Amino acid sequence: MPVVPFLICFPLVVALLMFVIPSNSVRNAVAYVSAVIIMGATGMLLVQWLAGGRKPIDLYYETEMVDHVILGVELFLMVLVTFLCFKYKKYWISLLSIVPTLLIASLELQGPKLEEIAHIKIDHLSILMCLIIGVIGSLIVIYAGGYMHGYHNHHKEVKDRRNYFFMLLFIFLGAMFGFVLSESLLWIDLFWEMTSICSFLLIGYTRTEEAVNNSFRALWMNLLGGAVLALGICYFAVVEETASLSKLVELGVGGNRFALIPVAFIAFAALTKSAQLPFSTWLIGAMVAPTPSSALLHSATMVKAGIYILFRLSPALHGTTAGTMISLVGGFTFLAASFMAIAQSDAKKVLAFSTISNLGLMVACAGVGTSTTIWAGVFLMIFHAISKSLLFQDVGATENAIHSRDIEDMHGLLFRLPTLAIFMFIGIAGMFLAPFGMLISKWSALRASVDANNIILVFFIVFGSATTSFYWTKWMGKIISKSHMTGERLTDISKKNEIASMWIHAVLMIALCLVFPLLSHVFVNPLLVETFGKSEEVLPLGILYMLIVIIALVFAVPAFSYLYSRNMKINQKLAYMSGINTGDDREFVDSFGDSKKVWLSNYYFAGIVGQRRLMVPSQVFSAAIIIIMLCMVIGGVM
């Protein structure tokens, strides 16, 4: 399948073009065409796989030359990280790159001769990830062209380095394709490091003091996970003389102690990559980066790498100490991050905490490691990728229009920027309302936890879901309210490519709801059979089809309300307003003769559930779980 190396290498070639093309307009045109080509190549991979009978395909057994290139790239990345760490006087962080890289190099150059294995594996899960990366990631690139133009017009103080920015976006896409298609743990290690370093460079794009500090926090946390990943790979390779991910999972399912230790190490690395407590702060700090990089990190690429590897390991995690560690940390992160999201009025921070929270639920599903929880986790991953990408893009476009991303400033957005408000409504609805897959997936995760008598996880899911509904409802209520708006429509300065990307996301979100039963039957159930050897009917098809009907109500009610109220007079009965009502219940004249606006504001409970109040205790609790569980695994408690 020549399309496989094309998907990995083509974005890397385009990245070089992005860096050397001086003209923004020419660079944008090349980026748009390249994004479309990547989507087309992803579709071609899907077609070829379907034509082959939808069976797992192993490719590329003899790759000696490529292995040398990969080792060379790893050494180059080590040198790059070391240089940047010394440049910014973060000396100790360089050790987290030097030590694991030299460990991997010594394994390849002086270690035992490893079993000859396939280095690329194509199956249901890798195809799903390729579709998420190829479609959502490419749409984010298309969106970025118009957004970055407005961003630099609005942020004159930031040096325009769009060539550098787009180069990193395409390197990111190539690295993610390589990561999800690799069967060799040594290849996985390289692409893991590439995504970590790209995210570090994207977060520090503006080069402000805050951006630099946040980027290095992301770097050391992800390099820590990478170091433990490398340690687990080397341990497994030396003991079993193979670097096959499938072989690792197979031995782990069989209870092989020498396999379960690296399973636990790799699972720990996944916790850092998916921003689980106590490592969540790197993803929150990533909000200083321009919106396209935030969307890429939060929806289609970076954080999904950790979820993907946990789904791969899930059969080996089932019923083990490592699995218990993963499910507890994930469930607790789901609950704690949901509480902290309540206290946020910055829209991007709400999205950040929401991402951490929902990733926690996916991690918990992987830790339980049954077919029903992975069914839930897969749908959580699909709907989260689309919905969160849409919301990040919409918040970025809204910020460019109103010069704020504070939720309080989005009051009445439906009447001021109706197009962006409708996209925002769809994105928020996709996160917590029926019949969208996020809510159905949470229900199935809850059911699986009840069936497994996992009372602690049931507690986390129930209260975490309730809290999630609280902060999404506050935001949704803001954009459809009409009490203090000026009555004037704002100018939507979004470029056509930005609007096109958001339209495609919105259509995808609704279309997936309509084909939910078909997707479950045709794709997700076979994925479970491939992973676990069996598939259980989580929801009967009849119930799934009935849920589709609800989608009409979800969109019909607000649409009817908007059409009914847009010409309706607000001041049918004037309210008492501590002064002289000016006639529309939106302004009054106080006792000093000054004109005042009436504001309706949410309460954010910052002193009760804010980040400053909960983050440190949550980090301590989750760190204690990880340390205790890893010690138990190393000590032989499987």
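1. The structure is a predicted model, and the remarks below should be read accordingly.

2. The lining of this cavity consists of A341, Q344, V350, I407, Y471, K474, W475, N602 and Y604. Sorted by class, six of these residues are nonpolar, two are polar and one is charged.

3. The volume of the largest cavity is about 40 Å³. Over the whole structure, the search returns four cavities of 30 Å³ or more.

4. As to the overall fold, the protein chain contains 25 helices and five strands. Of contacts between residues at least 6 apart in sequence, 82% link residues at least 24 apart.

5. The protein chain has 638 residues, and 61% of them count as buried. Its accessible surface amounts to about 24,300 Å², with 67% belonging to carbon and sulfur atoms.

6. Is S314 buried or exposed? S314 counts as buried because its relative accessibility is 0%, below the 20% cut-off.

7. Within the chain, a polar atom of the S314 side chain lies 2.7 Å from the backbone oxygen of F311. Leaving aside residues up to four places away in sequence, S314 touches A366, G369, I374, T531 and F532.

Methods: Residues numbered from 1 in each chain as written. Predicted model: local features only at pLDDT ≥ 70, side-chain atom pairs only at ≥ 80, totals over all residues. Heavy atoms only, no water. 1 Å grid on protein atoms, 1.4 Å probe; cavity = no way out; pocket = protein on both sides within 12 Å on 5 of 7 lines; lining within 4 Å. Points joined across faces, edges and corners; volume = space filled by probe spheres on them. Nonpolar A, V, L, I, M, F, W, Y, C, P; charged D, E, K, R; others polar. Helix = DSSP H or I, 4+ residues; strand = E, 2+ residues; numbered from the N terminus. Buried < 20%, exposed > 50% of the residue type's maximum accessible area, 1.4 Å probe, protein only. Contact = heavy atoms within 4.5 Å. Areas by Shrake-Rupley, 256 points an atom, 1.4 Å probe, with all protein chains shown as cover. Polar contact = N/O pair within 3.5 Å; in protein donor to acceptor, adjacent residues only side chain to side chain.
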